[in-house]
Amino acid sequence: MNEARKTMTLDRSLPREPWVARRGAPLALQAAQYAVLIVLALIMLVPFVWTVSTSFKEQSGLATATPQFIPDPASLDAYRTLSDRMDIPRLIFNSFFVTVVGTAGQVIFAAMAAYAFSRMVWRGRDTVFLLYLATLMIPVQVIIIPQFILIRHLGWVNTYQGLIIPSLFNAFGVFLLRQSFLTLPRDLEEAAFIDGANRFTVFWRVVLPLSKPALATLTVFNFMALWNAYLWPLFVARKAEVMTLPVALANLAGSSRYQGSVEWNVVMAGAVITILPILIAYLFAQKWFVRGVTFSGIKG
Amino acid sequence: MAGNRGITKWGWVAFFLAPSLLGLIVFILGPVVYSLRLTLYDWNLLSDAKFIGLDNFRELYHDAAFWTAFEHTLTFIVLYIPSVLVLAFLTALLLDQPLRGRAWFRTAFFVPVVTSWVAVAVIWKWVFNPAYGLVNYFLSLVGIEGPAWLIDPDTALYAIIITSVWKDLGFITVMFLAGLQGIPENYYEAAKIDGANRWQRLHRITVPLLTPTTFFALIISLINSFQVFEQAWLMPERFARRGASVIVGEIVDNAFRYNRMGYAATMSWVLFAVIFTITLVQFRFQNRWVHYDL
């Protein structure tokens, strides 16, 4: 390492020349690299293809010694059985409602708090912010039991407010947005104040529009977390009226038996319906998904 | 001060902060304090809570089911973390090459990351089906008779680990990719001028300069793996569950199946203490192997 370090320091002043930088590998190596990537991509995607294919099969077509990726005969039986057994539009509505309202609430509250922590000066600010940071270390399992007791006490079990409200407050969003707000130049705000704008107008018309990347990252992250949430909805949304897709899918997988064997086509149809919305959102807003997940370190 | 006309400064602070702070106190800080107090009580939600001192901790110390779950969680960590870190590092190296279409590969590798654990769990239950699943079919092609996976308590945990590596690979890969792209190009140029070959550049520049990312990935994945839950809860078949019990599963069982709120809270604090200690130790020892410069 020491010799390496010496030469590095000497040569660090070399001008950056993009045309000599990391030219492509030799052809044989490149072919090998492609081969590995293709195999990996297949491992990542084939289970999803298999899921879609299974969902279009009949129950009798599931038990084949060789996997059949093209359903023959293709049928909508699984989707019909599924919608006979559960209220699919209701589940989709519940998931969307909880996710959209929850995400909007989280982002607005976090943005407001982040504004107070970054663009205003007041006594005790840093102490309160430290308190926010400290809560980031508490694992969800510690909080979830008292939260459930509280929600039960309020009579909010099996209600939308029970599902949504406890998830509205997390310090992560405040932290992320504060970092972004801190980078904005003060002059912009001052100009607005001179023009007679109040704090809220500045927040809404100046700070938020200039922080779109951070807001998009947080929005997408929260959207994904809420859409995919399982643990909290499992405890507070057991009734069909407020149940969300992941809980329904888990129930389906646990109960879907036909003459003793699991109806995999029906379960896979449920999986397709659960995955499709988030997958479409991902394909359209890929960059923000990647940012949201990597910034937070918290998985879906 | 400008902008304070009409409403005082503290009025504005309250306006911006109150919703969030109030929520934080009621739904996060309050529950933390309450949960700590619960560890000293025996409470089943229905009758009055009974103060029992440290009995919950004593019971936990002798609770075989909890320690089995602890052991499974450790087995999960020991197998999952090296696999996912090494595979993600190699995948990131490949994706960092100037290959055509690498954006498509990244898109594909990230799909499992955005998919919910519930969906991934049911999909892989089917993929691991001993008779008609894809895994045992592909094993049979190379002449291996696959195990019963999620039906057998001895193999269920391995199926869960494989699925977890599959799901999180894209997540860690993207972290490594960001780290790789942060390594200054001129280090590589300088090394080439000095005649360093591919392997030497990888070994002497990439690996050491990537250690901050590796450190971060390790911390994050350790914290997440101690809290492993959904996959272990949803994937094994009934008889195989005992082979794949994990700490958070024990917490959930005690809280919501046996209504033992105090005991479950005790478990959650022990889990927090373990995670906290291990994270602290890692930060303490990071200067032994994490390089922020060459």
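User: How many helices and strands does chain A have?
Analyst: Chain A has 15 helices and two strands. Both are DSSP runs, numbered from the N terminus: helices are H or I with at least four residues, strands are E with at least two. This is a predicted model; local features need pLDDT of at least 70, side-chain atom pairs count only at pLDDT 80 or more, and totals for chains, interfaces and linings use all residues. Residues are numbered from 1 along each chain as its sequence is written, while chains are lettered from A and ligands numbered from 1 in the order in which they are written.

User: What share of chain A is buried?
Analyst: Buried residues account for 41% of its 300 residues. Buried here takes 20 or more other C-beta atoms within 10 Å of a residue's own; 12 or fewer is exposed, anything in between is partly exposed, and C-beta atoms are placed from the backbone.

User: And contacts in chain A, what percentage join residues at least 24 apart?
Analyst: 74%, among contacts between residues at least 6 apart in sequence. A contact is two C-beta atoms, placed from the backbone, within 7 Å.

User: How do α2 of chain A and α4 of chain B cross?
Analyst: Helix α2 (residues 27–55) of chain A and helix α4 (residues 102–114) of chain B cross at roughly 40 degrees, and their axes come within 9 Å. That makes α2(A) oblique to α4(B). Under 35 degrees is roughly parallel, over 145 roughly antiparallel, 65 to 115 roughly perpendicular, and the rest oblique. Axes are lines fitted to C-alpha atoms, for helices over the stretch in contact, with angles from 0 to 180 degrees between N-to-C directions.

User: Which residues make that contact?
Analyst: From α2(A), they include A:Leu37, A:Met44 and A:Phe48; from α4(B), they include B:Phe105, B:Phe109 and B:Pro112. The residues of this contact divide into eleven nonpolar, no polar and no charged.

User: What about α8 and α11 within chain A, what's their angle?
Analyst: Helix α8 (residues 171–182) and helix α11 (residues 212–228) of chain A pack at about 165 degrees, axes 9 Å apart. That makes α8(A) roughly antiparallel to α11(A). A:Gly173, A:Leu176, A:Leu177 and A:Ser180 in α8(A) meet A:Ala214, A:Thr217 and A:Leu218 in α11(A). By class, that contact has four nonpolar, three polar and no charged residues.

User: What is phi at B:Trp149?
Analyst: Positive, about 45 degrees, although B:Trp149 is not a glycine. Most residues other than glycine have a negative phi. B:Trp149 lies in the loop between α6 (134–141) and α7 (156–181) of chain B.

User: Is B:Trp149 buried or exposed?
Analyst: B:Trp149 is buried, with 25 other C-beta atoms within 10 Å. B:Asn259 also has a positive phi, about 55 degrees, but B:Asn259 is partly exposed, with 13 other C-beta atoms within 10 Å.

Note on methods: Nonpolar A, V, L, I, M, F, W, Y, C, P; charged D, E, K, R; others polar.
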